[in-house]
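Welcome! Here is a friendly briefing on one protein chain, arranged by topic. Have a look at the structure first, then read on.

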Amino acid sequence: MRRREKNAGANVGVLGKREKYIGRRYCLPGHKYGVIYRSVLMENLQYAANIALGFFGYFVFIFIFIKLWDYIYQTPGELIAGYSKEQMIWYVMMTEMMWFGSNAGSVGRQVKTDIRGGNIAYLMNKPYHYTLYILAKYTGEWSVRLPMYALLAVVIGTMMVGPVPGFKIVAVPVMTACIILGLTINAVFKICISLLSFWIEDASPFQWLYDKLLLVVGTIFPVEIFPQALQPFFKLTPIYTVCYGPAKLIVDFRPDKCVEILAAQVLYLAAGCGLMFFVYRKGVKKLYVNGG
């Protein structure tokens with residue numbers, strides 16, 4: 001009897017340690033956001049066919065710009081702002097691939113809707129940080145969309161323009177990291193803008209200005225095509241890290257430029273996250289003071 005009781009006690013101790021280990025494992029700070037990411041990823045995989053319906057709009061947009069640059073580059077081998085015709089077209093294709101494939105507008109819309117509809121009062125009491133929850137959801141969404149648009153861009157570009165001049169396959173991991181950082185930085189700043197809904201009725205006009213700035217300056221045209229006096233200013237804005245940097249490395253990869261862009265992205269991501277947490281904390285404090 002004593003031996004059985006001793007063995008039973010030992011088994012209980014082992015089970016207790018195992019449960020404690022499992023509980024500790026699943027309570028890791030980043031694990032809950034990984035669960036959110038995987039659940040959204042699996043949900044979006046079921047609607048991949050719906051995502052493919054947006055391919056037509058992307059194709060029309062790229063076709064128009066291919067014809068436009070064909071008309072502008074009338075002399076073979078001509079360079080405009082240091083870009084050949086093939087590089088310029090591929091630049092636009094890559095920036096538009098990130099624009100269509102990320103669907104960053106959904107981030108701002110959800111944050112604005114949660115705040116204006118009062119759902120933020122429910123979500124901010126969950127065992128996760130609200131802004132990181134939004135980022136995890138958004139990452140799960142573009143993890144399905146972006147590869148599909150990237151494949152479409154490669155097919156269209158190879159068939160209609162030809163391969164990227166001087167493309168280095170060994171630099172693909174760095175380019176991928178640069179694209180991921182750019183998408184994350186863009187989402188962080190869009191969250192910051194939408195968090196202004198704590199104080200103003202609608203932050204949509206600010207979102208519109210931010211999107212149009214990115215679209216005109218960094219997406220449709222590279223920074224080098226603008227006046228020399230404005231280029232240093234553009235390099236101090238999110239344009240340099242969100243869309244220009246990743247596309248620049250794809251069409252004209254240089255190690256020194258790669259280090260410069262990645263360093264700028266890390267600094268911008270750190271500053272953006274700090275601003276996001278600060279604005280969210282102030283907004284929640286205002287919500288508590290006003291009684292929700």
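Two residues are in contact when they have heavy atoms within 4.5 Å of each other. Leaving aside neighbours within four places in sequence, L195 is in contact with V111, I115, T131, M276, V279 and Y280. Please keep in mind that this is a predicted model, where local features need pLDDT of at least 70 and side-chain atom pairs count only at pLDDT 80 or more, while totals for chains, interfaces and linings use all residues. Residues are numbered from 1 along each chain as its sequence is written, and side-chain values use heavy atoms, with hydrogens and water left out.

**Overall build**

- The chain has 13 helices and 0 strands; both are DSSP runs numbered from the N terminus, with helices being H or I of at least four residues and strands being E of at least two.
- Of the 292 residues, 43% are buried (buried is under 20% relative accessible area, exposed is over 50%, and partly exposed is in between, using a 1.4 Å probe and protein chains only).
- Among contacts between residues at least 6 apart in sequence, 78% join residues at least 24 apart.
- The accessible surface of the chain is about 15900 Å², and 67% of that belongs to carbon and sulfur atoms (areas come from the Shrake-Rupley method with a 1.4 Å probe, and for residues only the protein chains shown count as cover).

**The nonpolar core**

- A nonpolar core is a set of buried Ala, Val, Leu, Ile, Met, Phe, Trp, Tyr and Cys residues joined through side-chain atoms within 4.5 Å.
- The largest such core has 86 residues, and those with the most contacts inside it include Y58, M93, Y130 and L195.
- Helix α8 (residues 130–160) gives the most to this core, with 13 residues.
- In soluble globular proteins, nonpolar side chains tend to be buried together.

- F56, F59, V60, F63, I64, L151, V155, M159 and M160 make a nonpolar surface patch of about 880 Å² (patches use residues with over 30% relative accessible area and no salt bridge, joining like charges within 9 Å and nonpolar side chains, namely Val, Leu, Ile, Met, Phe, Trp and Tyr, within 5 Å).
- M159 lies in helix α8 and is exposed, at 69% relative accessible area.

**A buried serine**

- S143 is also found in helix α8, but it counts as buried at 18% relative accessibility.
- The side chain of S143 makes a polar contact with the side chain of Y37 at 3.0 Å (a pair of N or O atoms within 3.5 Å; within protein, one must be able to donate a hydrogen and the other to accept it, and residues adjacent in sequence count only if both atoms are side-chain atoms).

**Salt bridges**

- The structure holds 8 salt bridges, each being a side-chain nitrogen of Lys or Arg within 4 Å of a carboxyl oxygen of Asp or Glu.
- D70 and K85 meet in one of them, at 3.1 Å from N to O. D70 lies in helix α4 and K85 in helix α5 (residues 85–102), so the pair ties together parts 15 residues apart in sequence.
- K248 and E224 form another, at 3.5 Å from N to O. K248 is buried, at 7%, whereas E224 is partly exposed, at 22%.
- R254 forms a salt bridge with D252, with the closest N and O atoms 2.9 Å apart. Salt bridges that share partners join E224, K248, D252, R254 and D256 into one network.
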